[in-house]
Every structure is written in structure tokens, then in C-alpha cells.
Amino acid sequence: MSKALLYDATLCIDCKQCEAACADQNKLPYDDNIAKEERQSEHKFTAVLSKNDKYMRRLCMNCQEPACVSVCPVAALRKTSEGPVIYEANRCMGCRYCMAACPFGVPKYEWSSLNPKVRKCTMCPDRVLAGRQTACAENCPTGATKFGDRDELINEARKRIQDNPANYIHHIYGVEEVGGTSVLLLSGVPFEEFGYRTDFPRDPLPLRTYQVLSKIPDFIPLGFVTLGGIWWITHRREAVAAAEGRQAHQAGKELK
Amino acid sequence: MKIKFTFWKAVFLLIVAAGAYGTFVRFFRGLGASTNLSDQFPWGIWIGFDVLCGVMLAAGGFTLTAAVHILNIQRLKPIVRPTILTAFLGYVLVSVALLFDLGRPYNIWHPLIMRNPHSVMFEVAYCVMLYTTVLALEFSPIVLERFNLQKPLKVVKAVLIPLVLLGVILSTLHQSSLGTLYLIMPTKLHPFWYTPLLPVFFFLSAIAVGLAMTIFESSMSSKHFGRELELPILQELGRVLLVVLTVYAILRFEDLLHRGVFHQLLVAGYERNLFLLEIVLALVLPLTLLAIPKIRQSAGGLYLAAVSVVLGFITNRLNVSITGMETAAGLHYVPKWTEIAITGAIIAVGFALFALAVNYLPIFPEHREAAGPEAPVAAKAAVLSHAGD
């Protein structure tokens, strides 16, 4: 069963316990200055954004069909069936296609390192694969970030909107965006206010490249046969012309 | 041997010195210190120019070998060798440029054993690797002839046709795949350039640029190596170029029309200006020039049209990879001087290697008898004068 996180912005109090827990879990530095940084970076995998006393978390969405996983030429990024999108640094060659492809702009890079890694939230794979919840969910004091089965969380989110329609934007972000994500968001203010674009396609992005790539196995033999055929025709034409020329020449001799 | 110190040699050394310093910064201080790349803008000119344009500019290799060996157009034979040389050098330099751009260049071999067939990049990596090998083999007869190694020469000539077929197929795949790379970014790439037809456009334009580069090169080398211009051959290429450009232009127009992008041209802006520049250079100007028989048949007209096509499609590749990405990234990317210095040095080295090869190997038909070490050094310096192009 695929796991997911449900973040309900209306329950969030901006205590930043999720940030601190995330830093601790991923062995990242964390202090008051980093707490003030309202964006994800190579040393901060999740950030709580605030705007007019409204809050919103940003973290890797751990897509159901991640663009980053599909584009990685060396399979350094992988989607686990439990939900987390994980990264194996020692496979990575640093092409940064994952960064270019991610619609949410999540993967960050260690630009100052001579042996740089891609950094992002990986949804605490060690914990989730061992049946525990993510560090951020475990440390959330208000239940704003909740860990659970994706289907159940979607039902719960629907119920929350139904029970309190005035409190919520009537949209669960992440159910359908780019084919669905393992992070689901509820908010009282439009998602765009915090940089979540709502104009994303509903189909998974990897489909678009796969539609082209899947034709290659057919294309190669077809190409060989077509090109080989053209080669045969153009050279055969020459051979025939030469043979006919010889015949004409001989016919001319016999006439004399 | 006495080496004369000319102006262009000085320029060449200057470019290479700047590139060497850039290389030091890149490999001892990292990508952050040597580039203006960022988390919002992870691909710059090393991908947009060195890789996308580099591979496109080397497309003459497969276009010409296909024309001569598969379509059996023997008239074009005299210009196959310089074209293969350009293509081979081009692909080698693209690979070198990749070593600069990759964050972990020592892992460049990983796709050999760590496969992800769903990745366009994986497919490109394989095709480029295999095609560079094919080009090396297609190029090898020139070296083998030079040293009169008859036995290996016989072997290569025996497998030449399958090699050419393989080269054309690999080129079709990766030239189009460089466009497919961007199909996964519908939310980022500007609608002027994002279209499901990207792979088709990249492939067709590679053929056009392959032809244009061949015309450009022949004109250049006739000037700098004191050779006679193969005008009838170039006229023929010009005619084919006209056809390819026309097909491309119709498809591009249809695509823009069907996606309803034209009304965006009414809004003044940075993207629109660069889009128009691309369309004028790549299509309007060369199509006009080539459509007029008198211009199409003149050496000067052909040269101008070819240069325009090359510049136009360089603009296209930079638009797809850089201009079209900036709004979504929310920033304006300008390459750092080290990025430009390294790109410049790679181009300069390419020109120098081309000149060296022409001097020491039987590349041009009339050289095949008389290739010797005393070939003019001045020719090299003259070619270098275009290193900054």
C-alpha cells in the first residue's frame, strides 16, 4: 500500500518542528538563521512558508510517477512502492536532468562541492520502509502533517473539506497533479499564493517522453530495412545500367 | 621548423589560456564558482551550446554519408571526407564539453552498466557513444591511407556500408532525441518552443544545418586552403537545403497555428524577440535567398544562406534550452565568463585540430597525393581566425 503525507495548512501554527525534525533526520545543520530561510535548498529539504498568518509547507512531492526518476540516465533516483522517491548518490553522474525535469523545482544541487550530490526530501525511506512514519509527521504537534495510506488520506481530506467547506479551497493538491503525488495538500488560501502551480497537466509527465522512446525498438529494424533497400536500389540501378551499356556495345560490334 | 607568430595565433593562444584558467576553476573550485548555474537554472550554455549546437553542427556527417553511400550521389563524394572529419571532431569535443558540465565527470561511464531505458538522456548517451565509434571507423580510412596500411583498410572498406547505415540510424535517433529531452518540461518551456513535434523539428533542422555547414565549410576551406570551390556540388546542396527548409517551415507554421500560439506574437517581450530572430535567420532569410535561382547558384548567395541557417538554428537551440526556460525559472541567465572561456577554448581547439588534420592527412581530393608535413602553417592560423565565431 502506497504511503503518503497529508499537510493541512489550516492546522499549521508555523512552529517549524517539521523543519527541525527533517534536519535532524537528514543530518543537516539547523539553527535560527536557517529556520528563517523560506525556501528549499541543498541544506534544507522542507520549509514552512508564511504569508499574512497563513502557512504552507514545501517539500519533495514524491510523485506517483516522478519525472526525475524517468529522466535519470543511470537510475540513481527510484520510486519505491511504499511512496518515497529515493536517491543513490554513488550512481549519479551529475547531469542534473532531474532538476531540469522536476515540475516542482525540488531537487537541489551542491554547487560548491567538487563531488556534488542532488539533495531533496526523500520521505524518510528508512523509516517508511520499516513501517514507521516520517520525521516531520511524527514531530508535528498539531497534526497538520499526517502520515498514512494515500487512499485513506485522500478520503480524510475530502471529509475535512466537506465538514468545513468555508475553511478550505475545494481542491486537494496532489491527487491528480502530474498523475498524483505522495504529498497531499489542503489549504485555506489559493495554492498559487505559495508558488504551487495549479495549471499542471493531469497525466504523468514521463508519458510524454515514453511515447517517443517506446517507438525506438520498432524504428531500428525498420530503418535498417528501408535504408538498406534504398542502398540496394540505387546501386542495382548502376549495375543494370552498366550491364545494358555493355550489351549495347556488343550489339553494336555485331552489326559491323 | 620555424613557427611564425601571427595575429591569429596570438588570439588562439589567448582563448586557450583563458579556457585553461576556466578549466582550473571548474575542476578545483566546482560548478558553483565556474558557472552562473543555480538550482532554478541547472542547464546553461555547456548544454545549450556545447551539446545541443555541437551535435547539430556535426550533422553533416550522417547527411553526406547517407547521400553518397546510400543514395549513391557520387557527385558529392569529394566533400565527404572534410564533413566526416568535422563530424568526428564535433562529437569528440561534445564529449569533452560534457566532462565540464557533469557534476561527477568521472562517472560518465555509468550509463554503460546502470541502465534506465525510460530516460531520453540514457538513449542519447548510448547513441552518441556508438555514433562516435562509427565516426572514428568512418574516419579511419583517411589515417590508414596516410600510413599505407592496406590490410586494415580493406577490413574497414568491407564493412563501410553497414557502418554508414548504422551511423544514419543512430544519428536519426539522437538528433531527434535532443528535442525529446525537453518533452518532459511542458510546465517550464515557453509555448513558442514546447511542442510534441520537438523531436521532428530537431531532426529536420539537423539535416538542414548539416547541409548548411557543409556549404559553409567548403566555402571556408576553399578560401583558406587555397582550393578550388566545388560550386556545382554546393549548388546541389543548396537545392536540397531549400527543400528541407521548406518542409521544416511548413511543419513549424502548422504546429504554431494548431497550438494557437500566434496571438502571443502580439505581446512584445524578450521571448517574442528571440523567437522572431530565430525565424528570420533560420527560415525567412535563407528561404528567400535560396528561392531565387540566381542567388542560389552563386557562391556568395549560397554562403550567405548557409551562414544564416547555421546562426538561425543555433538561436533555435539556445531558445529551447535557455530563453524558453527563463520565465518558468523566474530569472535571467547570463553565462559566467568562465563558461564562455571554456566553450570558446573548445571551439578554438576544434578549429586547430581541423587545420592540423587537413595539413597532415589526405582530407581534400587534391591533397591525397601530396599530403606532407611541409603543408603551409599559415593555413592553420587563417582557419583559427574563425575560432571565435
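**Salt bridges and buried charges in a predicted model**

Let me begin with the salt bridges: a search of the whole structure finds 19 of them over all chains, where a salt bridge is a side-chain nitrogen of Lys or Arg within 4 Å of a carboxyl oxygen of Asp or Glu. Please keep in mind that this is a predicted model, in which local features need pLDDT of at least 70 and side-chain atom pairs count only at pLDDT 80 or more, while totals for chains, interfaces and linings use all residues, and that side-chain values use heavy atoms, with hydrogens and water left out. Residues are numbered from 1 along each chain as its sequence is written, and chains are lettered from A and ligands numbered from 1 in the order in which they are written.

One of these bridges joins Arg160(A) and Asp8(A), with the closest N and O atoms 2.9 Å apart. That pair links distant parts of the chain, since Arg160(A) sits in helix α7 (residues 150–163) of chain A and Asp8(A) in strand β1 (residues 3–8) of chain A, 152 residues apart; helices (H or I, at least four residues) and strands (E, at least two) are DSSP runs, numbered from the N terminus. Are these two partners buried or exposed? Arg160(A) counts as buried because its relative accessibility is 15%, and Asp8(A) is buried as well, with a relative accessible area of 0%; buried means under 20% relative accessible area, exposed over 50%, and partly exposed in between, with a 1.4 Å probe and protein chains only. Arg160(A) and Asp8(A) also belong to a network of salt bridges that includes Lys146(A) and Glu156(A).

Two further pairs deserve a word. Glu19(A) forms a salt bridge with Lys16(A), at 3.6 Å between the closest N and O atoms, and both of these residues are buried. Glu176(A) and Arg202(A) meet through their side chains at 2.5 Å, N to O, and this pair too links distant parts of the chain: Glu176(A) lies in the loop between α7 and β9 (183–186) of chain A, and Arg202(A) in the loop between β9 and α8 (206–213) of chain A, 26 residues apart. Here Glu176(A) counts as partly exposed, at 43% relative accessibility, and so does Arg202(A), at 45%.

Turning to chain A as a whole, we have 9 helices and 9 strands. A compact globule of 256 residues would have a radius of gyration near 18 Å, but chain A has 28 Å; the radius is taken over C-alpha atoms, and the globule rule is 2.2 Å times the number of residues to the power 0.38. Along its principal axes, the C-alpha trace of chain A spans about 110 × 45 × 35 Å, and 50% of the 256 residues count as buried.

Asp50(B) lies in helix α3 (residues 45–57) of chain B. What is the nearest side chain of opposite charge to Asp50(B), and how far away is it? The answer is Arg26(B), 11 Å away, and Asp50(B) is buried yet has no salt bridge; in this count Lys and Arg are positive and Asp and Glu negative, while His and the chain ends are not counted. Leaving aside residues up to four places away in sequence, Asp50(B) touches Ile45(B), Val55(B), Val94(B), Ala97(B), Thr343(B) and Ile346(B), a contact meaning heavy atoms within 4.5 Å.
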